[in-house]
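Open the model in your viewer and keep the selection panel at hand. The stops below go from a whole chain to single residues.

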Amino acid sequence: MIRVSDLTVRFGQTTVLHNVSFSVTGGESFALVGESGSGKSTILKALAGQITNWSGALEIANEPLSPGKRARLARKVQMVFQDPYGSLHPRHSLDDTLSEPLIIHGLPDRDARVLAMLDAVGLPRRFRFRLPHQLSGGQRQRVAIARALMLDPPVLLLDEPTSALDVSVQAEILNLLKGLREERQLTFLLVTHDLPVVSFLCDRLAILKSGRIEEEARVDALRAGRFETGYGQELVKRSRDG
Amino acid sequence: MTLLKVDNLRVTFPSDHGPVDVVRGLSLTLGRERLGIVGESGSGKSMTGRAILGLIPPPGSVTADRLEFEGTDLRTLSERRYRELRGARMSMVLQDPKFSLNPVITIGDQIAEALKVHRSLTARQRRVRVLEVLEAVRIRDPKRVARLYPNEISGGMGQRVMIAMMVVLEPALMIADEPTSALDVSVRGQVLDILDDLVRRRGMGLILISHDLNTVARWCDRIIVMYQGRVVEELGTGQLEAAKHPYTRGLLSSVPRIDETRDRLPVLNRSTL
């Protein structure tokens, strides 16, 4: 479903990603973990078409990506961002936010689709005409997930989707994501530094360090704390020690 | 020795539906120790910290049967006297260094400002103190860093600079409000280590406010768990597993573990709390 081969990204003189390759099959949930600056978010940005100065080959749902195919890409892949306060338009009601992709892509039955999506992400229908500031952080993240799913993309890119939330709300959003993935056979590519979240939500993971993949492993290896590389072990240890 | 005594603290804000109590009758005593206050957004934990420092903005109001810091009654303190205490005897580290540091003043000058206001030192003495305190928060090249602007340093370093700014006057009480939640996991441990070191070596009292129950538990001598403005449970180190209140238990079980195998995470049922 997602194939990344020899992805290299340079910003000026600095190379942020060095020949990164991995692939994610349909319905799988894959995590990219690593410290700040390891390049994990840059991979998401390249896949989402937010940066264009990459080289290598990217493919989503059997379609090779190249800079400039944004509109078609939008129906294949959508992204949920970290900060639910910053990622919604403050003066657009939920209805505006959720209808916009349907208008752009000329899809019918907007009314029914918006209501169905509110139900799917567990938001009461009476919230439909509210503005983001009238919602809590967890509710806003539900809106962001709903917005991402409006065009029914097979792939969701998740950039630290719960790290700005309280633990009790984090649990609700993680459960929601897991449920949606099962119902809709979604493919997830998750970026996080939170290993326990990976353990809950993902099947496989890749550990990034300084723009290179150090290790790819199944989530069982994470649960057992048995990574092959020293760096992987170190990350597990740090996560345990807080 | 008791640094801080708080009895029946209440913080109230007016709203369209009448006054709302965001802190409802909180009591605590603090010695030279590390106390953790844990709770979700809206539990009143940050307001508790701000009330102690006299930083509740109007129209909010603070009442207490007792609010005493080093024997001084804070309730009747004038704003001028409060300001002398703040920074010098009690201080606060905030969550995000990006928003708490002045972007147009160098790191060194920002730290020196506190010394200028509260101490009468020569410029040379101030410079020496600034370098000392930067070294104390484990900044490797203090001379260079003192000349940098906040946008030239990383988040982790920014937070250490904030801590340096707070400890340069050697306060007796430090309140750290989510000091690590804006930071990368890899530098969190380091920031907590530095705080810990300062508490031990300088005999400070520390209140660590956080939503991260596990970090606080690993790190504090005592923990207070707050929910809806009230203390629902008080626990000592290592007693986290023995927590009894359904809210604390709910919070603990809703956190995924590194060896997670549950299909769904339990969610707090607020109607039964």
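Helices and strands here are DSSP runs numbered from the N terminus, where a helix (H or I) has at least four residues and a strand (E) at least two. This is a predicted model, in which local features need pLDDT of at least 70 and side-chain atom pairs count only at pLDDT 80 or more, while totals for chains, interfaces and linings use all residues. Residues are numbered from 1 along each chain as its sequence is written, and chains are lettered from A and ligands numbered from 1 in the order in which they are written.

**Chain A as a whole**

Select chain A, which has nine helices and 10 strands. The C-alpha atoms of chain A fill a box of roughly 50 × 40 × 30 Å along the principal axes. Of its 242 residues, 44% count as buried (20 or more other C-beta atoms within 10 Å of the residue's own, with C-beta atoms placed from the backbone; 12 or fewer is exposed, and in between is partly exposed).

**Two packed helices**

Next select residues 94–104 and 137–149 of chain A, which are helices H3 and H5. They pack at an angle of about 20 degrees, with their axes 8 Å apart. Axes are lines fitted to C-alpha atoms, for helices over the stretch in contact, and angles run from 0 to 180 degrees between N-to-C directions. Show the side chains of Leu94(A), Thr97(A) and Leu98(A) on H3(A), and of Val143(A), Ala146(A) and Arg147(A) on H5(A): these residues make the contact (C-beta atoms, placed from the backbone, within 7 Å).

**The side facing chain B**

Now display both chains: 24 residues of chain A are in contact with 25 residues of chain B. Which elements of chain A give two or more residues to this side? They are helices H6 (167–184), H7 (195–201), H8 (219–223) and H9 (230–241) of chain A. H6(A) gives the most, with six residues.

**Backbone details**

Go to Ser210(A), in the loop between strand E9 (204–209) and strand E10 (212–218) of chain A. Ser210(A) is not a glycine, yet has a positive phi of about 45 degrees. Ser210(A) is partly exposed, with 15 other C-beta atoms within 10 Å.

In chain B, select Glu178(B), in the loop between strand E8 (173–177) and helix H8 (185–202). Phi of Glu178(B) is also positive, near 50 degrees.

Finish at Pro58(B) and Pro59(B), joined by a cis peptide bond with omega of about 10 degrees. Pro59(B) is in the loop between helix H1 (45–52) and strand E4 (61–63) of chain B.

Notes. Two residues are in contact if their C-beta atoms, placed from the backbone, lie within 7 Å.
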